[in-house]
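Please read them alongside the coordinates.

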Amino acid sequence: MKEFLLYNIHTIIFILALVLGLILLLRFGSKKQIRAVLLYLVSRAEEEWGGGTGEIKYASVVAAVYERIPTAARFLITERELSQMIEAAVSKMKEYLGE
């Protein structure tokens with residue numbers, strides 16, 4: 001086993017780097033995709049539910065995001081990150097609306 005690892009160390013390092021690169025690409029690509037959709041979803045939730053219904057709007061946006069993103073991305077984006085991205089989208093929406 002030790003000989004196999006030593007003989008194939010370059011191949012093993014290359015495969016590990018490739019897998020790591022694909023994971024990072026998926027993670028950051030997914031974040032970009034989510035940010036692009038969130039502004040629309042937040043605006044739609046505000047229009048649909050109106051003021052004073054923050055928890056309902058948040059839940060509807062989270063559900064809509066999870067419907068739209070790839071399954072693999074769901075495991076790479078934490079709830080905390082998603083919550084921060086939603087807050088950023090809300091801020092951007094308010095900025096656009098002039099509030």
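**Review points**

1. Lys-57 is found in helix H3; helices (H or I, at least four residues) are DSSP runs, numbered from the N terminus. Lys-57 is buried, with a relative accessible area of 14%, where buried means under 20%, exposed over 50% and partly exposed in between (1.4 Å probe, protein chains only). Leaving aside neighbours within four places in sequence, Lys-57 is in contact with Ala-45, Glu-46, Trp-49, Gly-50 and Gly-51; contact means heavy atoms within 4.5 Å.

2. On provenance, this is a predicted model, in which local features need pLDDT of at least 70 and side-chain atom pairs count only at pLDDT 80 or more, while totals for chains, interfaces and linings use all residues. Residues are numbered from 1 along each chain as its sequence is written, and side-chain values use heavy atoms, with hydrogens and water left out.

3. The mean pLDDT (the predictor's confidence in each residue, from 0 to 100) of the protein chain is 81, and 93% of its residues reach 70 or more. Where pLDDT is low, the predicted coordinates should not be read in detail.

4. Arg-74 lies in helix H4 and counts as partly exposed, at 35% relative accessibility. Not counting residues up to four places away in sequence, Arg-74 touches Tyr-66, Glu-67 and Ile-69.

5. The largest nonpolar core has 17 residues, of which Ile-34, Leu-38, Val-61, Val-65, Leu-82 and Ile-86 touch the most other members. Such a core is a set of buried Ala, Val, Leu, Ile, Met, Phe, Trp, Tyr and Cys residues joined through side-chain atoms within 4.5 Å. At least two residues of this core come from each of helix H2 (9-49), helix H3 (54-68) and helix H5 (79-97). Beyond its neighbours within four places in sequence, Ile-86 is in contact with Leu-38, Val-42, Tyr-58, Val-61 and Val-62.

6. Of its 14 lining residues, Val-42, Glu-46, Lys-57, Val-90 and Met-93 lie nearest the centre. H2, H3 and H5 each supply at least two lining residues, and H5 gives the largest share, six.

Conventions:
1 Å grid on protein atoms, 1.4 Å probe; cavity = no way out; pocket = protein on both sides within 12 Å on 5 of 7 lines; lining within 4 Å.
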